[in-house]
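Please look over the structure below before reading the comments.

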Amino acid sequence: GLWGALTALSPQDWEQRQEEDTLLIERILLLVRNVLHVPPDPAEEQGVDGDASVHDRVLWALHISGMDDLLKFLASAQVEQQWALHVLEIISLMFRDQSPEELAALGQGTSGAEHREDTRELETLRQQELAEKRARTLQRPSRHSRFGGSYVLQGLKSIGDRDVVFHKGLHNLKSYTHDLGKEPRRVPRHRQA
């Protein structure tokens, strides 16, 4: 029907629309406003507590059809300001049965619960990360050992009849001399050759 014709218009068509299209949009907005304007009849709506009212079912049908997205577009587009009052009236009728306090409390309750849930998840992840960090710290030695090992050099005699014990790394073995680690003897300047 009317809604199908309205959604068939692409964004380019919206910019180049004819007078009939403008009248069609206005008629659709007025129809939605008039449907939402119908007052509730408690005698007619005798449902079980918690059942959706007729007004709520109309709002759900508008949401399913995508009309709420169209209303958001019309309200926010700079070039569609001519529909601002129609859209404002429709939105006020959509929230007719709701008090501002209930809407504000509902929004805070949801965001508060989500915030608490997010905080709890973050705290759990933080505790896991700290536990993993502690486990990694316990696995590695607390201090780096500079002890590279001791080796016995067979065939090289030290003082007495024992073999030389070499306390450096094996890569230093090529530069081994008996004077390794000894302070060089200083010769006074006047005695130097």
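The numbered points below go from confidence and overall layout to individual contacts.

1. Confidence. This is a predicted model, and the average pLDDT of the chain is 76. Of the residues, 75% score at least 70. Confidence is lowest in helix H1 (residues 2-8), where the mean is 52. The highest value belongs to helix H6 (residues 84-94), at 86.

2. Layout. The chain contains 7 helices and 2 strands.

3. The chain has 193 residues, and buried residues make up 19% of them. Among contacts with a separation of 6 or more, 45% are between residues 24 or more positions apart.

4. Helices H3 and H4. Two packed helices are described by the angle between their axes and the distance between the axes. For helix H3 (residues 19-37) and helix H4 (residues 54-65), the axes come within 10 Å and cross at roughly 155°. Angles over 145 degrees count as roughly antiparallel, so H3 and H4 are roughly antiparallel to each other. On the H3 side the contact is made by Val32, Val35 and Leu36; H4 contributes His55, Val58, Leu59 and Leu62. By class, these residues divide into 6 nonpolar, 1 polar and no charged.

5. His86. Leaving aside residues up to four places away in sequence, His86 touches Glu26, Leu29 and Leu30.

6. The strand pair. Which way do strand E1 (residues 151-157) and strand E2 (residues 163-166) run? They run antiparallel and are joined by 4 bridges. Tyr151 has Phe166 in E2 as its bridge partner, while Lys157 is paired in this way with Asp163 of E2.

7. The turn. E1 and E2 form a hairpin, with 5 residues between the strands. Within the turn, Gly160 has a positive phi of about 90°.

How values were computed:
Residues numbered from 1 in each chain as written. Predicted model: local features only at pLDDT ≥ 70, side-chain atom pairs only at ≥ 80, totals over all residues. Heavy atoms only, no water. Axes fitted to C-alpha atoms, helices over the stretch in contact; angles between N-to-C directions. Parallel < 35°, antiparallel > 145°, perpendicular 65-115°, else oblique. Contact = heavy atoms within 4.5 Å. Nonpolar A, V, L, I, M, F, W, Y, C, P; charged D, E, K, R; others polar. Pairing = 2+ DSSP bridges. pLDDT = per-residue confidence, 0-100. Buried < 20%, exposed > 50% of the residue type's maximum accessible area, 1.4 Å probe, protein only.
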